[in-house]
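Subject: Structure for your review

Hello,

Please find the structure below, with the sequence alongside. My notes on what was found follow directly after.

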Amino acid sequence: MTYRLYLSTNTYALTVQALMEDMGLDHELVWVDIFQDTPDEDLLKVSPHSRVPALNADGTVLFETGAIALWLAEQHGDGDYLIPPGDPRRGIFLQWFHYLATTLQPDVMMQFHPESYAADDATQARLREAAFGRLDKVFRTLDDALADGPWFFGDTITVLDFLLGMQATWPEIYPETIHAYPNLTRHQQALLERPSVQRVFGIHRETMRGNGEELVLAMEPAGW
Ligand SMILES: N[C@@H](CCC(=O)N[C@@H](CS)C(=O)NCC(=O)O)C(=O)O
């Protein structure tokens, strides 16, 4: 199986990349510029909104971070990385899976791209502020969910931990800092201890440096 992951630096593509690294899957990285005026032709073939991540798996073409993550776990997890149907914890797994995509992600996105929702600066500022106000409640809810951590399901890591952890790395999304949420901080720390995650951040840091940018994380891996 040949995987081609379409990605841009420091975006939601981090989640899929880290998961593939963690699973030990061979993959090719296809770097795309998502914010150019004319969408990348190659990316448009796999992602109709020309968004990343997108994955081409020998002709199976997928977009949406959560869908890709879950599909990879089903294909390669050998029962790991998810809570399967029939398991009493399945409902809770689905709850957080959708919460991350539909409650956390929109308010996170608003911090970076309010221009997708309103043209004028004043409305953008109001939208961003409203979303920012909601984020504290979302992080407190997630912090409670991680009380028996480090992961959502104790010592069992699942795709949920990558879906949360690889966006929890953006300092701009915190009303104060990540340290205001102790269980989320422990979760981020545990994720940063994984060699797979360190490799992915290393790749993004070097690629960004090559572009004259600095990768700034809410917490940094030890030794950075
Ligand atoms: N719901 C999508 C969101 C993906 C997304 O919006 N990615 C951003 C980068 S973090 C992007 O490609 N933006 C480019 C655009 O919207 O034009 C997912 O989870 O995969």
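The shell around the ligand consists of six nonpolar, three polar and two charged residues. This is a predicted model, and the values here are computed from it.

The residues that surround the ligand are Thr11, Tyr12, Ile34, Phe35, Arg51, Val52, Pro53, Glu64, Thr65, Gln105 and Met109. Of these, Arg51 and Glu64 are the charged ones, while Thr11, Thr65 and Gln105 are the polar ones.

- Val52 takes part through its backbone: one of its polar backbone atoms is 2.9 Å from a nitrogen atom of the ligand.
- Thr65 uses its side chain, where an N or O atom is 2.7 Å from an oxygen atom of the ligand.
- Gln105 also has a polar side-chain atom at 2.8 Å from an oxygen atom of the ligand.

On its own, the ligand has 510 Å² of accessible area, and the protein covers 84% of that. As for the site, the ligand sits in the largest pocket.

On the overall layout, the protein is divided into two parts, domain 1 (3-79) and domain 2 (90-195). Their centres, taken over C-alpha atoms, are separated by 20 Å. Where the domains meet, 15 residues of domain 1 are in contact with 14 residues of domain 2.

Regards

Methods. Residues numbered from 1 in each chain as written. Predicted model: local features only at pLDDT ≥ 70, side-chain atom pairs only at ≥ 80, totals over all residues. Heavy atoms only, no water. Near = heavy atom within 4 Å. Polar contact = N/O pair within 3.5 Å; in protein donor to acceptor, adjacent residues only side chain to side chain. Areas by Shrake-Rupley, 256 points an atom, 1.4 Å probe, with all protein chains shown as cover. 1 Å grid on protein atoms, 1.4 Å probe; cavity = no way out; pocket = protein on both sides within 12 Å on 5 of 7 lines; lining within 4 Å. Sits in = over half its atoms within 2 Å of the grid points. Domains from an automatic or database assignment. Contact = heavy atoms within 4.5 Å.
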